Amino acid sequence: MLVDNLEKINQDIRLACQKVSRSGNDVTMIAVTKSVGNDTAKELAELGIENMAENRVDKLLDKKMALKSFSSIKWHLIGNLQRRKVKSIINEIDYFHALDSLKLAEEIQKRAEQQICCFVEVNVTGEESKHGFRSDEVLDFILQLADFDKIKVVGLMTMAPLDASEQVLHEVFSQLKKLQTAINNQHLSFAPCTELSMGMSNDFPIAIEEGATFVRIGTAIFRGA
Ligand SMILES: *Cc1c(COP(=O)(O)O)cnc(C)c1O
């Protein structure tokens with residue numbers, strides 16, 4: 001089941017890439033394991049999945065411990081992070097996808113032992129309920145990180161509205177791509193901003209068409225499994 005689902009997802013990734021003449025190698029699938037236990041995560045690791053994500057600190061630490069024999073796995077924290085939890089997680093992960101305030105950046109700077117790859121979270125549609133900076137705040141925020149040597153802004157991350165039409169999804173993702181390109185064009189050493197973390201089970205082909213380099217996929221992997 002997992003194998004079939006993964007094969008289908010990989011095929012959809014390839015097709016979306018072909019549609020816009022991108023190389024499939026430019027897109028990394030991150031398996032979001034928040035809805036499954038350690039045994040299922042282990043099965044994924046055995047199938048060669050090398051990027052895993054959780055949205056909660058305690059669950060990530062638990063999975064990482066259970067999968068410690070798979071030392072090549074890259075761990076992604078994709079959910080919002082409370083400042084008081086930074087200390088326990090920041091040196092356990094490879095990527096953090098939800099940098100959403102200067103206060104959080106300050107805590108990361110204080111606690112990280114080495115440089116950590118971060119995505120700045122953007123609330124493209126400005127929905128009240130969502131974390132992340134508005135598009136027009138992102139560059140100013142990133143410029144404030146110039147002296148934070150523990151933070152490398154590798155890219156931008158967004159979550160599209162849940163029930164959006166395809167047209168709206170295209171617009172949201174292409175706006176994030178534009179913003180990423182604008183920041184990348186600033187040639188900031190601390191913020192290369194070459195990556196785009198966008199696209200989930202229901203919208204990843206559209207995200208890839210618009211330039212996603214990391215897609216975060218949960219449900220589609222575990223469907224029927
Ligand atoms: C749960 C989650 C995902 C995966 O969502 P699916 O719809 O299950 O693919 C992606 N990103 C974030 C931030 C999540 O919390």
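**Pockets, a listed lysine and buried residues**

Visitor: Which residues line the second largest pocket?
Guide: In this predicted model, the second largest pocket has a lining made up of N10, I13, R14, G24, V27, T28, M29, I49, E50 and N51.

Visitor: Which element gives the largest share of the lining of the second largest pocket?
Guide: Two elements, α1 (2–19) and β1, each supply at least two residues of that lining. By class, the lining divides into four nonpolar, four polar and two charged residues. The largest share is three residues, and the element they come from is α1.

Visitor: What is the volume of the largest pocket?
Guide: The lining of the largest pocket has 27 residues, divided into 11 nonpolar, 10 polar and six charged. For the second largest pocket the volume is about 210 Å³. For the largest pocket the volume is about 530 Å³.

Visitor: Which residues lie nearest the centre of the largest pocket?
Guide: One of them is K34, found in the loop between β1 (28–32) and α2 (38–46).

Visitor: What does UniProt list for K34?
Guide: Leaving aside residues up to four places away in sequence, K34 touches A53, E54, N55 and K59. The UniProt entry is unreviewed, and there K34 is listed as "modified residue: N6-(pyridoxal phosphate)lysine".

Visitor: Is K34 buried, partly exposed or exposed?
Guide: Buried means under 20% relative accessible area and exposed means over 50%. The relative accessible area of K34 is 42%, so K34 is partly exposed.

Visitor: How many disulfides are there?
Guide: A disulfide needs two cysteine sulfur atoms within 2.5 Å. By this rule the count is zero. C118 is in no disulfide, as the nearest cysteine sulfur, in C117, is 7.5 Å away. The sulfur of C193 is too far for a bond because the closest cysteine sulfur, in C118, is 12 Å away. The number of disulfides is therefore zero.

Visitor: Are C118 and C193 buried or exposed?
Guide: C118 has a relative accessible area of 0%. C193 also has a relative accessible area of 0%. With the limit for burial at under 20%, C118 is buried and C193 is buried.

Visitor: Which residues does V138 touch, beyond those up to four places away in sequence?
Guide: V138 lies in helix α6 (residues 138–143). Its relative accessibility is 0%, so V138 counts as buried. The residues it touches are V120, V122, F133, L156, L179 and I183.

Definitions and conventions:
Residues numbered from 1 in each chain as written. Predicted model: local features only at pLDDT ≥ 70, side-chain atom pairs only at ≥ 80, totals over all residues. Heavy atoms only, no water. Helix = DSSP H or I, 4+ residues; strand = E, 2+ residues; numbered from the N terminus. Buried < 20%, exposed > 50% of the residue type's maximum accessible area, 1.4 Å probe, protein only. Contact = heavy atoms within 4.5 Å. UniProt positions renumbered as here; feature names shortened; annotations may be inferred. 1 Å grid on protein atoms, 1.4 Å probe; cavity = no way out; pocket = protein on both sides within 12 Å on 5 of 7 lines; lining within 4 Å. Points joined across faces, edges and corners; volume = space filled by probe spheres on them. Nonpolar A, V, L, I, M, F, W, Y, C, P; charged D, E, K, R; others polar.
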